[in-house]
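Please examine the model shown below.

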Protein chains: 2
Amino acid sequence: MADTINLAEKLATFDQHWSPRTVALFNGHDVMVVKVQGEFNWHSHPDTDDFFLVLKGEIDIELRDRTVSLKAGEMFIVPKGVEHRPVAREEAHLLLIEPTGTPNTGDPATAAKRQTI
Amino acid sequence: MADTINLAEKLATFDQHWSPRTVALFNGHDVMVVKVQGEFNWHSHPDTDDFFLVLKGEIDIELRDRTVSLKAGEMFIVPKGVEHRPVAREEAHLLLIEPTGTPNTGDPATAAKRQTI
C-alpha cells in the first residue's frame with residue numbers, strides 16, 4: 001500500500017509537458033499529475049468521462065460550443081464522448097483521473113506512454 | 001453539462017462536518033467535498049477504494065497498523081476492504097471520490113444522506 005502522496009513533490013520530479021504521471025490507482029483508474037503548456041489536440045474519449053482539477057495555474061478547456069476556464073482549486077468533468085481541447089497559456093499543473101489504459105489524446109497511436117512515479 | 005466547479009466556493013455553502021456534498025459525477029462515482037473535524041468511525045468499504053485529497057488543513061487516516069498523515073495538497077487511497085478512521089484535530093476540507101451510493105460510514109444505516117450542491 002502506498003503512503004502519503006504529495007502532489008507538488010510528484011510534479012517536481014519531471015518537466016515534460018502533456019505527459020501524465022500516475023501517482024495512484026483508484027477503482028481501475030489512474031490518478032495522474034501532469035504539467036501542461038500550449039494547446040493540446042482536439043479529442044474525445046468514447047468510454048469515459050475526463051476529470052480535470054487544476055492544482056496550479058490556469059487552463060481553458062475548449063468545447064465545440066464554448067470554453068470552460070479553470071484556475072487552481074477548480075475542476076471540470078468532460079462527459080464521455082464530448083470533444084475537447086485543453087489549452088494553457090502558461091504552464092499549469094493538473095490532477096487527472098482516467099480509467100487505466102485510456103489514451104490521453106483519445107488515440108492509442110499518439111498517446112503519451114503512461115508512467116508511474 | 002455543469003460548468004466550472006470551484007471547490008472553495010462549494011465548501012463555503014455549508015458548515016456541517018462529516019456530511020459530504022456531491023459536486024460532480026464521474027464514471028459512476030460521486031466527486032464530493034466535505035468538512036471534517038474530530039474523529040470519524042472505524043469502517044471499511046468492501047467494494048471500493050476510498051479516495052482522499054486534502055484541500056485545506058490536515059488529517060490523519062488511522063489504519064489498524066499505522067497512521068497516514070495528510071496536509072493540503074496530499075492524497076491517499078485507502079484500498080477496498082481496509083479498515084480506516086479519519087481524524088482531524090482542527091477543521092479540514094477534503095475532496096472525496098466514491099462510487100455513487102457508497103455509505104460514508106461503511107454502513108447504510110448510519111451513513112450521511114448524500115446531497116448535491
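A:Ile5 lies in strand β1 of chain A; helices (H or I, at least four residues) and strands (E, at least two) are DSSP runs, numbered from the N terminus. The model is predicted: local features require pLDDT of at least 70 and side-chain atom pairs pLDDT 80 or more, whereas totals for chains, interfaces and linings use all residues. Residues are numbered from 1 along each chain as its sequence is written, and chains are lettered from A and ligands numbered from 1 in the order in which they are written.

A:Ile5 counts as buried because 21 other C-beta atoms lie within 10 Å. The term buried requires 20 or more other C-beta atoms within 10 Å of the residue's own, exposed means 12 or fewer, and partly exposed lies in between, with C-beta atoms placed from the backbone. Residues are in contact if their C-beta atoms, placed from the backbone, lie within 7 Å. Setting aside residues up to four places away in sequence, A:Ile5 touches A:Lys10, A:Val23 and A:Ala24, and also B:Glu74, B:Met75 and B:Phe76 of chain B. A:Ala24 is 19 residues from A:Ile5 along the chain, and their C-alpha atoms are separated by 8.1 Å.

The contacts with chain B accompany a strand pairing. Strand β1 of chain A (residues 5–6) pairs with β7(B) in the antiparallel sense over two bridges; pairing requires that DSSP find at least two bridges between the strands. Within this pairing, A:Ile5 stands opposite B:Met75, and A:Asn6 stands opposite B:Glu74.

What else does β7(B) pair with? Strand β4 of chain B (residues 50–56) is joined to β7(B) by four bridges and runs antiparallel to it, with B:Leu53 as the bridge partner of B:Met75. In a regular strand, side chains alternate between the two faces of the sheet. In β7(B) both faces are covered: B:Glu74, B:Phe76 and B:Val78 are buried on one side, and B:Met75 and B:Ile77 on the other.

The interface as a whole brings 22 residues of chain B into contact with 22 residues of chain A. On the chain B side, two or more residues each come from β1 (5–6), α1 (7–11), β2 (21–26), β6 (67–71) and β7 (74–78). The most come from β7(B), with four residues. By type, this side divides into 13 nonpolar, six polar and three charged residues; Ala, Val, Leu, Ile, Met, Phe, Trp, Tyr, Cys and Pro count as nonpolar, Asp, Glu, Lys and Arg as charged, and the others, Gly among them, as polar.

Chain A itself contains one helix and nine strands, in the order β-α-β-β-β-β-β-β-β-β. Buried residues make up 38% of its 117 residues. Among contacts in chain A between residues at least 6 apart in sequence, 63% join residues at least 24 apart.

How are the two chains related? The same surface serves both copies, since 100% of the contact residues of chain B recur in chain A.

Notes: Contact = placed C-beta atoms within 7 Å.
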